[in-house]
Amino acid sequence: MSTTPRSTPRVLVTGASIAGPTLAWGLAKSGFDVTLLERSAEPRETGQNIDVRGLGREVLTRMGVEEAVLANLTGEEGTRFVDESGSAYAVFPKEDGQDGPTAEVEILRGRLASILDDVVPDEVERWFGDFVTGVQQDGAGIDVTLDSGAEHRFDLLIVAEGRSSRTRRLLFADQTELRDFGVSITYGTIDRRPDDVDTWDWYTASRGRVASVRPDNEGTIRASMSFESEPMGFETLPREAQFHILRERYRGAGWQTDRILDGFAARPEEFYTQRMEQVIVSTWSNGRVVLVGDAAWGSGPTGMGTTLALVGAHILTGELAAAPDHPARAFAAYERQMRRYADSAQGLPRGGARLMHPSSSAGVAGIRLGHRVAASRPVRRFFQANLLTSEKHVPVLADYPHLRA
């Protein structure tokens with residue numbers, strides 16, 4: 001194991017989706033020696049539609065990638081709530097200057113990750129197909145052991161992984177609470193049909209079942225199914241068992257649910273599941289280790305996860321660049337700016353997820369009435385600004401002169 005002192009801080013960033021490349025870009029530009037570690041064997045090019053809202057747009061501009069992002073939007077034209085026949089009973093059109101259920105910037109996760117990765121400097125070392133299994137830190141640095149058996153020494157470890165972050169579980173187990181919202185979510189890609197439209201169509205059925213389809217810019221359709229359930233380990237079952245449970249659960253649900261299920265089975269490599277739960281970590285740093293993105297504050301599909309990942313990575317990078325020899329000071333400044341912002345944007349109202357998944361026909365009628373009222377012209381703007389998950393307690397981004405394309 002090498003312990004040779006380095007003239008610049010050596011940083012390991014784990015996770016190469018959104019926050020990871022954003023960190024690698026900024027840290028490398030600020031003079032850090034950066035290694036980007038990704039558990040997957042190669043860059044992930046799949047994934048669902050994601051939004052970039054509010055302050056996230058400013059980060060894209062500073063990185064010089066906003067034009068590329070805008071050239072790769074999914075083309076989603078708005079959101080429609082539909083009934084069993086597919087008829088829309090409530091519509092939220094996409095509006096310039098407004099981020100409703102469909103944001104101004106809707107892009108596939110894999111496409112955004114690729115755009116961000118393209119601007120990461122060549123001197124950043126990339127390691128794929130490996131992950132952290134052991135960490136020992138002292139006053140001078142961190143010794144990291146990987147699953148491959150390799151051992152390395154770094155000055156800092158930044159965990160930019162997903163909501164179920166393995167490294168967070170390894171290092172922050174006692175500081176982490178998982179708040180379960182009582183819903184399982186499945187995602188996948190299905191074939192596009194000639195009669196498909198370019199809106200996000202959302203269908204609510206009884207027995208706690210929801211399904212949706214939305215367009216992409218690759219000639220396919222991205223679909224999801226979510227259902228009310230107690231924690232039962234569904235997300236860890238073999239894929240065939242998950243398909244069987246889904247077919248039983250959605251039997252007779254109507255609308256396009258059979259089509260979605262068939263599509264999932266036809267593209268099993270793009271099918272994945274999540275439990276809707278919020279990650280609450282009492283402190284985001286421990287010595288020379290710090291969490292950012294969903295590893296620190298992730299929850300269900302609130303529409304703000306990508307924005308928070310971009311902003312959090314940008315602020316953390318800027319604060320580290322301002323105090324490279326004092327990581328604890330930088331970590332504290334980052335958490336001070338991000339904590340209320342992340343908490344307000346990622347926290348669903350208690351019972352909100354179950355309310356979206358009504359069990360009875362009367363509950364379905366009630367939520368459809370709510371959709372109609374929220375989509376009406378007098379109420380829609382208020383709903384989007386105050387009830388829909390959006391930015392609150394927004395930090396003021398410092399100038400961070402190094403963090404410009």
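**Note on strand pairing and helix packing**

1. In this predicted model, three strands make up an open sheet whose order is β8-β9-β10, with antiparallel pairing. The edges are held by β8 (132-137) and β10 (151-154); each has a single partner strand, so one side of each is left without a neighbour in the sheet. From one strand to the next, the twist averages 25°.

2. Within that sheet, strand β9 (residues 142-146) pairs with β10 in the antiparallel sense over four bridges.

3. Four of its five residues are buried, so β4 is largely enclosed by the rest of the structure. As a general point, strands of a sheet pair through backbone hydrogen bonds, in either a parallel or an antiparallel arrangement. Strand β4 has pairings of both kinds: antiparallel with strand β5 (residues 88-93), over five bridges, and parallel with strand β13 (residues 200-205), over four bridges.

4. On the β5 side, V82 has A88 as its bridge partner. On the β13 side, T79 stands opposite W200.

5. Strand β3 (residues 49-52) pairs with strand β6 (residues 105-108) in the antiparallel sense, over four bridges. Here N49 stands opposite L108 in β6. In a regular strand, side chains alternate between the two faces of the sheet. In β3, N49 and D51 point one way, whereas I50 and V52 point the other way. Are these residues of β3 buried or exposed? All of them are buried, N49 and D51 as well as I50 and V52.

6. The last point concerns helices. Two packed helices are described by the angle between their axes and the distance between the axes. For helix α6 (residues 239-249) and helix α7 (residues 257-266), the axes come within 11 Å and cross at roughly 175°. Angles over 145 degrees count as roughly antiparallel, which makes α6 roughly antiparallel to α7.

7. Which residues make the contact between these helices? From α6 they are F243, L246 and R247, and from α7 they are L261, D262, F264 and A265. By class, the residues of this contact of α6 with α7 comprise five nonpolar and two charged, with no polar residue.

Technical notes: Residues numbered from 1 in each chain as written. Predicted model: local features only at pLDDT ≥ 70, side-chain atom pairs only at ≥ 80, totals over all residues. Heavy atoms only, no water. Axes fitted to C-alpha atoms, helices over the stretch in contact; angles between N-to-C directions. Helix = DSSP H or I, 4+ residues; strand = E, 2+ residues; numbered from the N terminus. Parallel < 35°, antiparallel > 145°, perpendicular 65-115°, else oblique. Contact = heavy atoms within 4.5 Å. Nonpolar A, V, L, I, M, F, W, Y, C, P; charged D, E, K, R; others polar. Pairing = 2+ DSSP bridges. Buried < 20%, exposed > 50% of the residue type's maximum accessible area, 1.4 Å probe, protein only.
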